[in-house]
Amino acid sequence: MSAIIQMKDVNKWFGDFQVLKDINLEVGEKQKIVVCGPSGSGKSTLIRCINRLEEHQKGKIIVDGNELSERTKDIEKIRAEVGMVFQQFNLFPHLSILDNCTLAPIWVKKTPKKKAEDFAMKQLEQVQISDQASKFPGQLSGGQQQRAALARALCMEPKIMLFDEPTSALDPEMIKEVLDAMVNLAKAGMTMIVVTHEMGFAKEVADEVVFMDEGMIVEKAKTNEFFANPKNERTKLFLSQIL
Amino acid sequence: MKNINILKPNKDNFRTYLFIGITLVFLGVFDVFLRSFFMVNFLSFLPNLLNFLLPFILGLVGLQMIRLEYSGVKLVDTVNKNINNNIFNAGLTLFIIFITILALPPSLNWMIFDANISGDTKEACVAVEGACWTYIKVWLRRFMYGMYPNEFHWRINTAFIILISFAFVGFFAKGKFKNYLTFYYAIIYPIIAFLIIYFLISGGSFGLEWVETNAWGGLSLTFIVSFFGLIFCFPLGMIFALGRRSELPVIRYISIGYIEFWRGVPLITVLFMSSVMFPMFLPADTFVDKLVRVVAAIVLFEAAYVAEVIRGGLQALPRGQYDAAKSLGMGYWKMQTFVILPQALKLVIPGIANTFLALVKDTPLIFVVGLSEVVGMLQMAKTNPKWLGYAMEGYIFAAVLFWAICYAMSRYSQYLELKYKTDR
């Protein structure tokens with residue numbers, strides 16, 4: 001299996017505080033990885049490093065054959081291949097849902113407007129909000145907004161999708177609709193790295209689960225093994241609290 | 001305690017109290033009205049102070065008597081809630097009503113009934129007690145066009161009509177032309193405006209006689225200076241706002257330096273510098289027109305303020321917007337153009353309107369370098385030996401003019417706020 005994302009001895013500091021300590025992680029094509037761990041353990045920072053929203057200070061990150069560093073010229077090109085869904089949705093509130101979805105394809109990938117709109121409508125249909133296409137983000141519920149954000153990311157036809165706690169800001173009854181959309185995406189064969197506390201989702205979808213604490217990867221195991229037979233004490237404690 | 005209770009209505013006796021209360025308030029207002037409009041004081045038999053205060057006391061007692069929560073009468077409830085919710089506010093309400101009634105007759109008399117607008121000389125106003133609008137009438141052309149030769153005023157009028165019609169192009173743009181509107185207003189329109197003003201108002205070619213900018217003046221000059229001030233200081237301010245938030249130290253420090261310098265000096269100094277000092281630094285044979293220098297000075301000065309207003313909007317945007325734009329593969333300029341600036345500018349419409357209003361009202365300062373826009377012309381007319389003593393009329397005229405311009409701008413900014421409101 002060829003690795004599409006490779007992280008070797010990645011270290012990162014915020015000032016004096018070390019957020020990431022010697023992270024080693026390989027993600028193969030079409031693999032689904034769930035990252036979990038207590039808050040403040042560096043999960044979000046880890047996946048934000050993968051599309052260089054955060055810069056790592058030591059180590060190597062290679063995404064689809066390109067190494068991320070200060071010398072990386074076309075960081076935009078790499079980002080265009082890596083979609084991301086955020087905890088706070090981060091839709092553009094001044095644009096309609098459809099415009100949110102077509103903005104980047106039109107201006108970054110230079111897709112003709114008509115084609116971009118057709119493709120966007122297809123993506124919106126996939127997440128079942130095509131009837132909301134002309135509304136503005138402020139008029140949608142949280143779950144709808146998050147699905148729109150997912151559709152927006154997919155409109156760039158990314159090779160990799162990153163999810164940064166996509167359901168943490170949602171009301172309980174809306175979590176399911178977002179998770180369903182993510183499950184569908186996983187079944188379609190997308191490479192996914194998901195930071196989440198939804199263990200049910202992890203059990204259903206993930207190939208591997210990564211447990212992080214204090215900036216380190218404490219445990220990394222196949223999903224069944226991770227839940228049935230955790231090795232590390234901290235993992236056990238965490239699972240006992242969350243399940 | 002009993003005394004206070006007498007004035008306190010309850011549900012049962014409210015009808016009676018309401019009737020008495022309203023009568024008392026009405027009596028108070030009526031008394032002031034008679035005193036003010038007809039000089040009748042039917043309470044003159046009372047001691048002086050009581051005579052003076054009686055309407056106020058009547059009103060207070062009356063308002064006290066109708067103050068009841070949820071009386072069931074809609075109008076009374078509104079009044080109680082908004083202007084009669086305690087004795088202090090009731091007093092303020094009465095005070096304002098009385099002052100208005102007292103101030104109306106003298107000001108109306110001065111402005112309209114005793115005023116004069118006929119005749120063409122000061123002599124027509126000699127016997128007049130009120131305002132002498134003749135003065136405004138005679139000087140109106142000067143107030144509008146300054147010292148611009150009378151026979152060429154049509155050139156200014158035509159120029160402004162053409163400018164306004166070009167400004168309305170945006171309303172008729174359809175389909176794919178809409179995408180180019182920003183480009184049109186930001187770049188093409190200013191160039192068209194400059195060319196029109198240069199060839200039509202300045203003249204010198206196409207058989208039009210050259211009129212030098214010293215002769216320009218009055219309201220038309222106010223418009224020209226404000227217009228160019230507004231359209232150029234906005235993009236410049238935007239660039240410096242982005243510059244100040246740039247990650248590149250050189251650009252950031254240049255922007256900070258620029259903004260702090262121009263915010264730190266008074267406009268009047270800048271204007272003096274532009275007209276007196278600046279030409280000294282130029283090579284001997286180059287010449288930059290005074291009006292151009294003054295407009296440039298105003299633009300540079302106001303751009304610093306606009307920059308800070310826009311920076312406020314940029315900082316109000318959550319970091320997630322930048323993250324989302326970046327994660328979609330947008331570079332710096334695409335992110336700013338399509339995601340950040342549209343939102344930031346929408347947020348700062350009130351602040352920008354504020355700065356623009358201040359700019360329009362600052363234009364009379366160009367008087368210090370010898371350019372006379374409408375207030376400057378007023379100053380000139382006021383000191384004209386033939387027309388001494390009518391400063392008041394002039395200033396009221398200028399105040400009304402500026403108020404009308406600024407109010408229109410303010411309404412327009414409110415309209416824009418509504419138009420671009422898509423969230424919250």
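1. In this predicted model, a search of the whole structure returns two cavities of 30 Å³ or more. They are taken in turn below, followed by the interface of the chains.

2. The largest cavity has a volume of about 40 Å³. Its lining consists of Y145(B), Y148(B), I156(B), I201(B), W216(B), G217(B), S220(B), L221(B) and I224(B). Helix α10 of chain B (residues 218–244) gives the most to this lining, with three residues. By class, seven of the lining residues are nonpolar and two are polar, with no charged residues.

3. The second largest cavity holds about 30 Å³ of space. Residues from both chains line this cavity: M84(A), A149(A), R152(A) and A153(A), together with A324(B), S327(B) and L328(B). At least two lining residues come from each of α5 (142–154) of chain A and α14 of chain B, and α5(A) gives the most, with three. The class count is five nonpolar, one polar and one charged.

4. At the interface, 20 residues of chain B are in contact with 24 residues of chain A. The area buried between the two chains is about 2000 Å², and carbon and sulfur atoms give 63% of that area.

5. Six residue pairs in polar contact are found across the interface of chain B and chain A. On the side of chain B that touches chain A, α14 (319–327) and α15 (332–347) of chain B are the elements that give two or more residues; α14(B) gives the most, with eight. This side comprises seven nonpolar, seven polar and six charged residues.

6. Two salt bridges are also found across the interface of chain B and chain A. D323(B) forms a salt bridge with R48(A), with the closest N and O atoms 3.0 Å apart.

Terms used: Residues numbered from 1 in each chain as written. Chains lettered and ligands numbered in written order. Predicted model: local features only at pLDDT ≥ 70, side-chain atom pairs only at ≥ 80, totals over all residues. Heavy atoms only, no water. Contact = heavy atoms within 4.5 Å. Buried area = accessible area lost by both parts, 1.4 Å probe. Salt bridge = Lys/Arg side-chain N within 4 Å of Asp/Glu carboxyl O. Polar contact = N/O pair within 3.5 Å; in protein donor to acceptor, adjacent residues only side chain to side chain. Helix = DSSP H or I, 4+ residues; strand = E, 2+ residues; numbered from the N terminus. Nonpolar A, V, L, I, M, F, W, Y, C, P; charged D, E, K, R; others polar. 1 Å grid on protein atoms, 1.4 Å probe; cavity = no way out; pocket = protein on both sides within 12 Å on 5 of 7 lines; lining within 4 Å. Points joined across faces, edges and corners; volume = space filled by probe spheres on them.
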